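Subject: Structure handover

Hi,

Here is the structure for you to take over. My notes follow below it.

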Amino acid sequence: MSDLRLVVVGAAGRMGRMLTQTIPDTLGVRLVAALAREGAPAIGADSGAAFGQGANGVPVTSDVEAALAQADAVIDFSSPAATVAMARAAARARVPHVVGTTGLAPDDLAALADAARATAIVRSGNMSLGVNLLSVLIEKAAKALGPAWDAEIVEMHHKMKVDAPSGTALLLGEAVARGRGIELAEHSARGRDGLTGPRKPGEIGFAALRGGTVVGDHTVIFAGMGERIEFSHRAEDRGIFARGAIAAAIWTRGKEPGLYSMADVLGLTGA
Ligand SMILES: NC(=O)C1=CN([C@@H]2O[C@H](COP(=O)(O)OP(=O)(O)OC[C@H]3O[C@@H](n4cnc5c(N)ncnc54)[C@H](OP(=O)(O)O)[C@@H]3O)[C@@H](O)[C@H]2O)C=CC1
Ligand SMILES: O=C(O)C1=N[C@H](C(=O)O)C[C@H](O)C1
């Protein structure tokens, strides 16, 4: 089978650079376009050399249509605005879209759902095997423990992160909600401050810490009467997200249009 031809969106970013570095080391895939914002200083430069790696012969470009014309899949870790624009363009071109971008608002998610009527979209707030396996365990724990055990989710990330709670924290919160058979949106407590009063029964709490170069730490705490259970995941290297996203792109080959998750890619659905 021929190599899967990949386009990277947000190529100059932390994840974009990790992807342009990881794709050439991965069997069965090939980088064909590295997309950056129109007018970005790196446009026209070799994407390997421009981002501190060896030259790879693939120039940085902002020409989305030309990139899609030669692509089998798009991998996108950028911003909500860029991801929604790419979802529309990829849907028009019928090119599968792997979305790692977090901080998406309800309208953005609706735009992705609309685009997924024309092509396969895999979206996850965390592309790592570890976090997606953890979410299966969290769902089971939440179901077994019930709402009498208070669920709190604590995350810490590097100081450049712009959204909170993290996409991973929300993914884990959804797992708690699924385990309890409730809707996260109706039970989440975000950003407690001041005279908050006692904790409301059944709340799923979120706390976000920011600082330094932390790649991504998440802990789900179930606090009971006189005991506490904690589930933690610590990302040590962005390579785990890049490898997961590449695996997702390979998985989209031949898939019907639709909205998929990393649980689908990893075969964890119903686990
Ligand atoms: N799901 C997962 O497993 C993971 C998700 N993420 C998420 O991925 C996203 C990116 O993270 P990270 O790489 O650290 O962030 P960076 O800020 O380092 O990179 C984002 C890149 O996207 C580009 N970009 C943003 N908006 C636009 C636009 N409108 N048009 C074109 N390019 C644009 C930026 O360009 P410019 O600098 O010019 O703005 C930048 O190069 C975040 O939402 C993050 O939370 C991160 C890691 C793992
Ligand atoms: O912005 C990041 O860096 C990360 N974002 C994702 C998130 O919002 O959970 C995944 C990972 O934790 C790193």
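Which polar backbone atom lies 3.5 Å from an oxygen atom of ligand 2? It belongs to Gly125. A polar contact here is a pair of N or O atoms within 3.5 Å; within protein, one must be able to donate a hydrogen and the other to accept it, and residues adjacent in sequence count only if both atoms are side-chain atoms.

Conventions first. This is a predicted model, in which local features need pLDDT of at least 70, side-chain atom pairs count only at pLDDT 80 or more, and totals for chains, interfaces and linings use all residues. Residues are numbered from 1 along each chain as its sequence is written, chains are lettered from A and ligands numbered from 1 in the order written, and side-chain values use heavy atoms, with hydrogens and water left out.

Ligand 2

On its own, ligand 2 has 320 Å² of accessible area, and the protein covers 85% of it (Shrake-Rupley method, 1.4 Å probe). The surrounding residues (a heavy atom within 4 Å) include Thr102, His157, Lys161, Val215, His218 and Phe241. By class, this shell has two nonpolar, eight polar and one charged. Nonpolar means Ala, Val, Leu, Ile, Met, Phe, Trp, Tyr, Cys and Pro; charged means Asp, Glu, Lys and Arg; the others, Gly among them, are polar.

Ligand 1

Ligand 1 has 20 residues around it. The closest are Arg14, Met15, Arg37, Ser79 and Thr102. An N or O atom in the Arg37 side chain is 2.7 Å from an oxygen atom of ligand 1. Arg14 places a backbone N or O atom 2.8 Å from a ligand 1 oxygen. Gly125 turns up here as well, with a polar backbone atom 3.2 Å from a nitrogen atom of ligand 1. Taken alone, ligand 1 exposes 920 Å²; the protein buries 74% of that. Its shell has six nonpolar, 10 polar and four charged residues.

The pocket

Ligand 1 sits in the largest pocket. A pocket is an open set of points on a 1 Å grid over the protein atoms alone, where a 1.4 Å probe fits, with protein on both sides within 12 Å along at least five of seven lines; lining residues have an atom within 4 Å of a point.

An unreviewed UniProt entry lists His158, Gly167 and Thr168 as "binding site". His158, Gly167 and Thr168 are included in the lining of the largest pocket. UniProt annotations may be inferred rather than shown by experiment.

Backbone points to check

His158 is in the loop between strand 7 (150-157) and helix 7 (167-180). Pro165 is in the loop between strand 7 and helix 7. A cis peptide bond joins Ala164 to Pro165, with omega about -10 degrees. Arg94 is not a glycine, yet has a positive phi of about 60 degrees. Most residues other than glycine have a negative phi, and most peptide bonds are trans.

Regards

Key:
A molecule sits in a cavity or pocket if more than half of its atoms lie within 2 Å of its grid points. Helices (H or I, at least four residues) and strands (E, at least two) are DSSP runs, numbered from the N terminus.
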